[in-house]
Amino acid sequence: MAIDYQERIPNNVNLSDDRRLQRALEAWQPNYLKWWQEMGPTEFQSHEVYLRTAISVDAKGWANFGHVKMPDYRWGIFLAEPEAGRVVNFGDHKGEPAWQEVPGEYRGVLRRLIVTQGDTEPASVEQQRQLGLTAPSLYDLRNLFQVNVEEGRHLWAMVYLLQGYFGRDGREEAEAMLERHSGDPDKPRILGAFNEKTPDWLSFYMFTYFTDRDGKYQLASLAESGFDPLSRSCRFMLTEEAHHMFVGETGVGRVILRACEIMKEYGDDVRQHGGIDLPTIQKYLNFHFSVSLDLFGSEISTNAANFYSMGLKGRFEETKIDDDHKLANSPYSILELQGDKLVTREENALTAINERLRDDYVTDCDRGVRRWNQILKRNGVDFEFKLPHRTFNRKIGAFNLENSGGQRFTPEGGMISEAEWDQRHGEWLPTEEDRAYVISLMQPVTEPGQYAAWIAPPARGINNQPVDFEYVRLN
Ligand SMILES: [Fe+2]
Ligand SMILES: [Fe+2]
């Protein structure tokens, strides 16, 4: 299914057949570009970056690589191929044909789901806008910009749905996407984690590992949607998302590898030799994992149950699960604080949908942590990274301070008092001093093939290019 690049807005949805939608999107496009110039990457807008662009949506060879200036990136609308005879696969409408139009009774809910997803996409571009100034190499600079332009495209994907299927309120929501800004006290982004700063590259790698992975799980459950255009949009977005998580996993891995090299050469004082020590990496991991867990929402959620029963948002890999896909009377185990004990109890699987998605996410996060530990092992370093316990540092759900009656938790899930937390949180979360140290390392390295001293070069380049390729042309 080829993408039409002759059009002002590249697309594979026959946009030229729908003049009203085409006009709406063409009216939004200059506002988007203005937002990109003002809130997108600081500087580098006139430099050529080795970016991949989608040329078709099938699995083999959808990407085309070449040097482009970011504002000239061909943002557009790409949906995965339609599946003939697709049906709603879960909930009250299970077995009915998938919806090609918005089901009237679910209009408001569906719009909210799309807006919430869409809002995270430009938010992360805003969070990361300063990072180009301190990239540890041209390779990393290019990866940052690749992630940024694709998050911009994900916004296009959601705006297409809003403008194409929700009429006037959809057009208003599309404008509002460009008006809210990450960290803006008056008009913040919708979700908490997307108003946090991404002030340094270790945070960026942790964000792309943990927070983009939340994106993967949200997109995967929306890809199950009975609303077919949403499903097809999300299916193609997932193929782009994989690269973001790759940037995160390999980025953190290279910081770990560099720390190992320093330890082998000079002994344990990694900071003295310009690296990031393993305990500091663990603290960043603790922070980003716990903040990302919050993005899945409350353990018990009637909203999530409704989204499911309505057929709008499924579970991860819904169709591979062997059950009735209605969940009227199925149990699901959740962790709960009862008095001064953490206990597992059975909850209705329908209201525990969020928790199930969070569980799938935790399992996935753990795989990468094990690969990071392999790097330590291969280098003979006696240290082990661990995901903190799900109760640690939570702001949303049963383990937030209010809901847990002021109970605090250690990264192992041990219960501690507020006083002990105040004394010890600096052992588990980055302190001001840790952050200042990491930020002090952030000096730009702009020679092809050169890498900052706190990070190892990648094992291989992008698209079979060498690691000293000129991924961004600075001259
Ligand atoms: Fe995204
Ligand atoms: Fe992403």
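## Around helix α9

In this predicted model, the buried residues of helix α9 are covered by elements that include α5, α6 (228–266), α7, α8 (302–309) and β3 (331–338). Which residues of α9 are buried? They are Ile353, Asn354, Glu355, Arg356, Leu357, Arg358, Tyr361, Gly368 and Trp372.

Helix α9 itself runs over residues 353–378, 26 residues in total. From its first C-alpha to its last it reaches 39 Å, close to the 38 Å expected at 1.5 Å a residue. Just after α9 comes glycine 380, with a positive phi of about 65 degrees.

## Helices α5 and α7

Two of the elements that cover α9, namely α5 and α7, also pack against each other. Two packed helices can be described by the angle between their axes and the distance between those axes. Here α5 (residues 201–223) and α7 (residues 278–294) meet at an angle of about 30 degrees, and their axes are 9 Å apart. Angles under 35 degrees count as roughly parallel, so α5 and α7 are roughly parallel to each other. The crossing in which α5 passes α7 is right-handed.

On the α5 side, the contact is made by Leu202, Ser203, Met206, Phe207, Phe210, Thr211 and Asp214. Helix α7 brings Tyr284, Leu285, His288, Phe289 and Ser292. Sorted by class, this contact has 7 nonpolar, 4 polar and 1 charged residues.

## Helices α2 and α3

Now to another pair. Helix α2 (residues 107–127) packs with α3 at an angle of about 155 degrees, with the axes 8 Å apart. Angles over 145 degrees count as roughly antiparallel, and α2 and α3 are therefore roughly antiparallel to each other. Their crossing is left-handed.

The α2 residues in this contact are Ile114, Gln117, Gly118, Glu121, Pro122, Ser124 and Val125. From α3 come Asn148, Glu151, Gly152, His154, Leu155, Met158, Val159, Leu161 and Leu162. By class, the contact has 8 nonpolar, 6 polar and 2 charged residues.

## A closer look at alanine 157

Helix α3 (residues 138–165) also holds alanine 157. Is alanine 157 buried or exposed? A residue counts as buried if 20 or more other C-beta atoms lie within 10 Å of its own; alanine 157 has 26 within that distance, so alanine 157 is buried.

Leaving aside residues up to four places away in sequence, alanine 157 touches Ile77, Ser233 and Met237. Proline 136 lies 21 residues from alanine 157 along the chain, and the C-alpha atoms of the two are separated by 31 Å.

Note on methods. Residues numbered from 1 in each chain as written. Chains lettered and ligands numbered in written order. Predicted model: local features only at pLDDT ≥ 70, side-chain atom pairs only at ≥ 80, totals over all residues. Helix = DSSP H or I, 4+ residues; strand = E, 2+ residues; numbered from the N terminus. Buried ≥ 20, exposed ≤ 12 C-beta atoms within 10 Å, placed from the backbone. Contact = placed C-beta atoms within 7 Å. Axes fitted to C-alpha atoms, helices over the stretch in contact; angles between N-to-C directions. Parallel < 35°, antiparallel > 145°, perpendicular 65-115°, else oblique. Left-handed = near helix turned anticlockwise from the far one by under 90°. Nonpolar A, V, L, I, M, F, W, Y, C, P; charged D, E, K, R; others polar. Expected span 1.5 Å × (residues − 1).
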